[in-house]
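Here are my notes on the model you sent. Please read them with the structure open.

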Amino acid sequence: MKRKMFKVIALLMALAMLAGLALSESALDELDTGFDLQQAEGIEIDGTQTPETVDEVPGGLDSIDLSLDGFDLAAYVTYKFIVNDEVYATQQAQAGEEILRPADPAAPSGKVFTGWTLVDGTPLFVDADEDGQPDPVIVQDYELGTEVNAWAAFADPQIEEQPAEEEQPAEEEQPVEEEQPVEEEQTVEEEQTVEEEQTVEEEQAVEEEQTVEEEQTVEEEQTVEEEQAVEEEQAVEEEQTVQEEQTVEEEQAVEEEQAVEEEQAVEEEEQTVEEQTVEEEQTVEEEQTVEEEQAVEEEQTVEEEQAVEEEQVVEEEQIVEEEEQTVEEQIVEEEEQIAEEEQTVEEEQAVEEEKQTVEEQTVEEEQAVEEEQPVEEAPVANELTYSGEAQALVAGDGAWLYSLDGETYVEDIPTAVNAGEYTVYYKAAEADDPQVITVTVAKADAEFTPPVAAVG
């Protein structure tokens with residue numbers, strides 16, 4: 001009977017350990033695990049080589065402001081609980097939050113679960129409370145994306161030695177009648193032990209179900225938080241996309257407005273050019289009209305002058321007739337004087353011939369001097385009288401450029417038809433400042449042919 005009790009006690013202890021009763025650091029030290037947890041780095045646990053480094057995602061992103069509409073995407077630390085190279089449970093928390101110990105995993109045959117250890121072999125959860133539950137782990141200020149791995153540690157169970165069964169004295173003989181009550185008591189005790197074992201198993205099953213539900217709840221909450229983060233990131237991206245589209249639309253609108261303004265400016269310039277062209281045409285027409293009026297006035301003036309000249313011619317003819325008579329009379333007197341003067345004339349002709357000889361020599365000398373002078377002499381104004389035809393206003397030698405308006409220069413000497421005063425601009429081909437000559441085309445004198453008196 002005592003052996004059965006010891007077996008029941010041992011079974012209850014094993015079940016209690018499997019149900020998640022945490023062992024303190026001092027208790028772990030007292031266990032005969034066969035190895036030192038402080039020197040467990042790189043030592044096989046249940047046939048598994050523990051990693052020597054912690055997998056971490058490169059940091060450097062903790063300086064980025066990840067705040068989004070009041071939601072702070074702070075740096076999360078991921079704790080992975082590994083059993084036989086497989087992730088048994090995962091928890092995430094920010095700096096300052098707690099990491100809770102997950103439910104104990106099932107131990108291999110002949111082993112018991114002793115806790116979760118880090119890469120250097122130190123236990124993750126220590127300092128158990130009075131209620132037997134380990135203290136939670138407070139997350140330190142890790143960089144964004146840091147992962148911390150914890151491995152399940154297993155060891156041989158430590159079973160207390162059971163005292164040997166006391167040998168009953170052989171001399172004491174139990175009455176036969178008392179054997180039945182003893183057997184009944186053993187049966188009751190065995191039934192109670194079975195019921196207690198079933199109760200313990202049911203409690204363990206309930207605790208395991210609660211642990212699984214809690215883990216599922218944690219995972220669901222993490223999933224919800226991740227989905228919310230993803231949705232918020234998508235919302236931010238959509239807002240950025242909308243803002244970019246609005247910016248593009250605004251830029252297109254500005255470009256269209258600029259294009260419209262440029263078209264309007266071009267149209268206004270074209271209208272201005274057309275108006276200027278119309279004004280210039282009107283100015284040209286007005287100038288032509290003024291010139292035509294001036295021409296008509298000049299013709300009328302010429303006709304009036306011709307009429308005056310004709311009257312003067314008639315008066316002169318009368319005077320000529322009177323003078324002819326006087327001349328005839330004088331001719332007779334002059335003939336007499338001519339004879340006397342012929343001698344004087346001959347002498348004067350000799351003198352004149354000498355003068356002509358001297359003048360010819362002088363002209364030749366002047367021509368020689370002119371030939372020696374440079375070819376490019378400044379143009380001079382011509383003495384002109386209205387003839388009804390175009391006449392050159394100046395006479396010049398050399399390569400000169402001429403203009404009547406001071407703007408447009410040509411090589412041809414300018415000409416004019418009508419009487420009046422003209423300003424001629426001239427300059428050398430490479431010169432900038434022109435010279436000015438004023439040329440006058442005089443009005444023509446009226447020509448009158450006196451009538452010849454009829455004879456007979």
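1. **Ground rules.** Helices (H or I, at least four residues) and strands (E, at least two) are DSSP runs, numbered from the N terminus. This is a predicted model, where local features need pLDDT of at least 70 and side-chain atom pairs count only at pLDDT 80 or more, while totals for chains, interfaces and linings use all residues. Residues are numbered from 1 along each chain as its sequence is written, and side-chain values use heavy atoms, with hydrogens and water left out.

2. **Confidence.** Start with pLDDT, the predictor's confidence in each residue, from 0 to 100. The protein averages 77. Of its residues, 73% reach 70 or more. Among the elements, strand β16 (residues 415-416) has the highest mean, 94. Strand β3 (residues 67-68) has the lowest, 38.

3. Over residues 21-74 the pLDDT stays under 50. The model still gives this stretch 79 contacts (heavy atoms within 4.5 Å) beyond four places in sequence. Residues 164-179 are also below 50. There the model has three contacts beyond near neighbours in sequence. Where pLDDT is low, the predicted coordinates should not be read in detail.

4. **Overall make-up.** The protein has three helices and 18 strands. It has 456 residues, and 18% of them are buried. Buried means under 20% relative accessible area, exposed over 50%, and partly exposed in between (1.4 Å probe, protein chains only). Among contacts with a separation of 6 or more, 60% join residues 24 or more positions apart.

5. **The loop between β5 and β6.** Check the backbone here. Asn 84 sits in the loop between β5 and β6 (86-94). Its phi is near 55°, a positive value in a residue other than glycine. Asn 84 is partly exposed, at 45% relative accessible area. Asp 85 lies in the loop between β5 and β6 too. Its phi is also positive, about 65°, although Asp 85 is not a glycine. At 59% relative accessibility, Asp 85 counts as exposed.

6. **Aromatic pairs.** The structure holds six aromatic pairs. Rings of Phe, Tyr and Trp (its six-membered ring) pair if their centres lie within 6.5 Å; planes under 30 degrees apart count as stacked, over 60 as edge-to-face and the rest as tilted. Phe 81 and Trp 116 have ring centres 5.1 Å apart and planes at 70°, so this pair is edge-to-face. It links distant parts of the chain, 35 residues apart. Phe 81 is in strand β5 (residues 76-83) and Trp 116 in strand β8 (residues 112-117). Both residues are buried. Ring pairs join Phe 81, Tyr 88, Phe 113, Trp 116, Phe 125 and Phe 154 into a cluster.

7. **A four-stranded sheet.** Which strands form the open sheet, and in what order? The order is β12-β18-β17-β15, and the pairing is mixed. β12 (384-385) and β15 (400-403) stand at the edges with a single partner strand each, so one side of each has no neighbour in the sheet. Two strands pair if DSSP finds at least two bridges between them. β15 and β17 (residues 420-428) pair in the antiparallel sense over four bridges. Trp 400 has Ala 428 in β17 as its bridge partner.

8. **Leu 401.** This residue lies in strand β15. Leu 401 is buried, with a relative accessible area of 18%. Its C-alpha is 5.5 Å from that of Lys 427, 26 residues apart along the chain. Beyond four places in sequence, Leu 401 touches residues including Tyr 409, Val 410, Tyr 425 and Lys 427.

9. **Lys 427 and Tyr 409.** Lys 427 lies over the face of Tyr 409, 4.4 Å from the ring centre. The test is NZ of Lys or CZ of Arg within 6 Å of the ring centre and within 35 degrees of the ring normal.

10. **Thr 423.** Strand β17 holds Thr 423. Thr 423 is partly exposed, at 32% relative accessible area. Leaving aside neighbours within four places, it contacts Ser 403, Leu 404, Val 436 and Ile 437. Thr 423 and Val 439 are 16 residues apart in sequence and 6.3 Å apart in space, C-alpha to C-alpha.
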